[in-house]
Amino acid sequence: MSGLFDTLRRTARLMVGMPDYDAYLRHMAAHHPDQPAMNRTQFFRDRQEARYGGKNGGRCC
Amino acid sequence: MTRHIPWILTAIIGAIALTVVAVSRGEAVNALWIVVAAASCFLVAYRYYALYIARHVMRLDPSRPTPAIRRADGLDYVATDRTVLFGHHFAAIAGAGPLVGPVLAAQMGYLPGTLWIIFGVVLAGAVQDFIVLFISMRRDGKSLGELIRMEMGQVAGTIALFGAFMIMVIILAVLALIVVKALAESPWGMFTVAATVPLAMAMGVYTRWIRPGRIGEVSILGLIGLLAAIVYGQAIAQSPVWGPAFTFTPVQLCWILIGYGSVASVLPVWLLLAPRDYLSTFLKIGAIAALAIGIVIMAPPLRMHAVTQFVGGNGPVWSGGLFPFLFITIACGAVSGFHALISSGTTPKLIASEAHAPMIGYGAMLMEAFVAIMALVGASILDPGIYFTMNSPAALIGTDAASASAAVTAMGFPISPDLITQTAKDVGEHTIISRAGGAPTLAVAMAEIFSHVVGGPAMKAFWYHFAILFEALFILTAVDAGTRAGRFMLQDLIALAVPSFKEMKSHVPGVIATALCVAAWGFFLYQGVTDPLGGVNTLWPVFGISNQMLAAIALMLGTAVLFRMKQDKFAWVTLLPTAWLLICTLSAGWLKLFSADPKVGFLAHAAKFSAAADADEVLSPAKSMAEMQRIIFNDRIDAALVALFLAVVLSILFFTVKTCLAARRIAAPTAREIPAQLVPAE
């Protein structure tokens, strides 16, 4: 049940262009342990800018 | 063999349902037959055709790392669970298009539209999305323009980029026109939509500083605000002070939207665009789901005729015969070129395995076709008299209930003036006459369906404004996001001639490109709003032609890539829909240019008016010589635009043929896939 809820939550967030923060942390820990990872707020702002900044702004009719 | 049995049963159910829909005449057919026919056809197509394409045409290889694996960065390139990605992709492709096109197409009856949506999506639309996703996925998730450049050369890529920009302009103008048609003279609707601006800004501040990143939380708060705006909108509309303050004419609304577009697209994204996108995305998904459930619970009979007398042309909603105009009127839902930009956008960077591509590429498009089917059902469960009253231009049916009732009854769809007045009153509007554009019609249908399930007739006005709000909300989000995207496209294009224009540090190029972009769509919006025949009549076919042409371009890219992969013998998968789209769009474009019927051909219309102007005559609907001149000018601009689209698609056709012939001369594959080892993970 919590698995389903979690999937729904992640789906809803990705629908508005917000990838999974935990997956980002896992990636940073696995591949760039030497670099500082963004905190949750920085990550949110970075992804918001990436989605809406224009380059990916194509939305369908 | 046993594993095929459920699918054979599904196919039989689909065939029966389709037969019922196709051959029933005289007595009302239940809408569920259409839903069942579509659902079964889609399931079977997904199980067999998508799999066939995946295995034999594309030869997908689940062991081959996708861009999300090789370039994983936790941000843009993230291997994503396929159901999560399906939701992301579906939310990105489904917009106003599949809701509006089928409503407009209902003037020919429900049957032609249903058949085109079902067969169009299975053989063309879903194939297009799927193959573009495949091509992009094998090339680091590059965009459509870059893919065309890689496979067909620099010139073809630039032409396609230019074509895509013009299509964007037309889409924005058409979407904005739909909002104008829905909100004009409607203080209740206008108030609720206007309320979303401060509401979204409050949400923006909340997610920026108060509780950063809490999208779910802020969306629920926003939804409560929206519902409150709808509820209080009624009181506002009835207030002697506020009612008139929120009542605007179409021309006023046009200028408001142009102003809004220019301001909104330069504000920081977190303030308005992002929070409103949260609201519009979740509302869209929720409303689509609710519509599906509502149709199943209500199981309404179809009241529109299966086929009306307008299949031969002369329809009041849009002009032109079934072929080719039905196939460009229903673009999104059956086949939508714009999806090529989405399938080569974020999705290929997020897909975790090539094995997921059929579900994301083909499956999500089937889902959108299902939305289009629901919109068609919505338009078809209304009394046809109401449908034609709402969608015929005032120039044909007048502006009061008596004249509209007489004119629509004369078309063969009897309706009393009382019913027209009562319907407007039920949904809380002053009038429902000539509210073309699709959104108001769909809103009346949704009000019908939702109030049947929740709240009864007393809730109709609430549901009507809820439906209008949901459509206006995501259209405005699209206008804002589209203006930003158009600005970057334009900057890239201008930078080809003036390299310094790409300079991101200076604000000047950005401001100039934004202004040009808004001016471009604003021009067509103004033209549509002041068009006495309602604007949708003129702009929607141009939009349809442009969107289908982009689809043809994407499918031609697919064909070229298949030839370069040495998969020639499977190239019919893309050649078949390409040929059909080229036949439809080229003949529709040709008719729009050169048809001798002034209702269809832009040049014939211009000639008729300029002949009259030379004789010093003022032809209705123009009221002055200046208006005559403007109509002539608009016709010529529209004609030039259609000619431009024809030129774009024909030149891409040329490059495709050239590429395919070149590929055939070489024995080995020449497709420029980006091999896995080239790009190490970050």
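This is a predicted model: local features need pLDDT of at least 70, side-chain atom pairs count only at pLDDT 80 or more; totals for chains, interfaces and linings use all residues.
Local features are described only where pLDDT is at least 70 and side-chain atom pairs count only at pLDDT 80 or more, while totals for chains, interfaces and linings use all residues. Residues are numbered from 1 along each chain as its sequence is written, with chains lettered from A and ligands numbered from 1 in the order in which they are written.

**Confidence**
- Chain B averages a pLDDT of 93, and 99% of its residues score at least 70; pLDDT is the predictor's confidence in each residue, from 0 to 100.
- For the complex, the predictor gives an ipTM of 0.95 and a pTM of 0.96.

**Where chain A meets chain B**
- Here 32 residues of chain A are in contact with 51 residues of chain B (in contact means that the C-beta atoms, placed from the backbone, lie within 7 Å).
- On the chain A side, α1 (2-15), α2 (21-31) and α3 (40-52) each supply at least two residues; helices are DSSP runs of H or I, at least four residues long, numbered from the N terminus.
- The largest share of that side, 8 residues, comes from α3(A).
- By class, the side of chain A that touches chain B has 14 nonpolar, 11 polar and 7 charged residues (Ala, Val, Leu, Ile, Met, Phe, Trp, Tyr, Cys and Pro count as nonpolar, Asp, Glu, Lys and Arg as charged, and the others, Gly among them, as polar).

- α1(A) packs with helix α4 (residues 82-93) of chain B at an angle of about 35°, and their axes are 8 Å apart; axes are lines fitted to C-alpha atoms over the stretch in contact, and angles run from 0 to 180 degrees between N-to-C directions.
- Among the residues making this contact are A:T7 and A:R10 of α1(A), and B:G87 and B:H88 of α4(B).
- The residues of this contact divide into 4 nonpolar, 5 polar and 1 charged.

**Inside chain B**
- Helix α22(B) is mostly covered, with 13 of its 15 residues buried (buried means 20 or more other C-beta atoms within 10 Å of the residue's own, all placed from the backbone).
- After α22(B) comes B:G455, whose phi is positive, near 95°.
- B:G510 is found in helix α24 (residues 508-530) of chain B.
- B:G510 is buried because 20 other C-beta atoms lie within 10 Å.
- The C-alpha atoms of B:G510 and B:L490 are separated by 9.4 Å, although the two are 20 residues apart along the chain.

Key. A residue is buried if 20 or more other C-beta atoms lie within 10 Å of its own, exposed if 12 or fewer, and partly exposed in between; C-beta atoms are placed from the backbone. Two residues are in contact if their C-beta atoms, placed from the backbone, lie within 7 Å.
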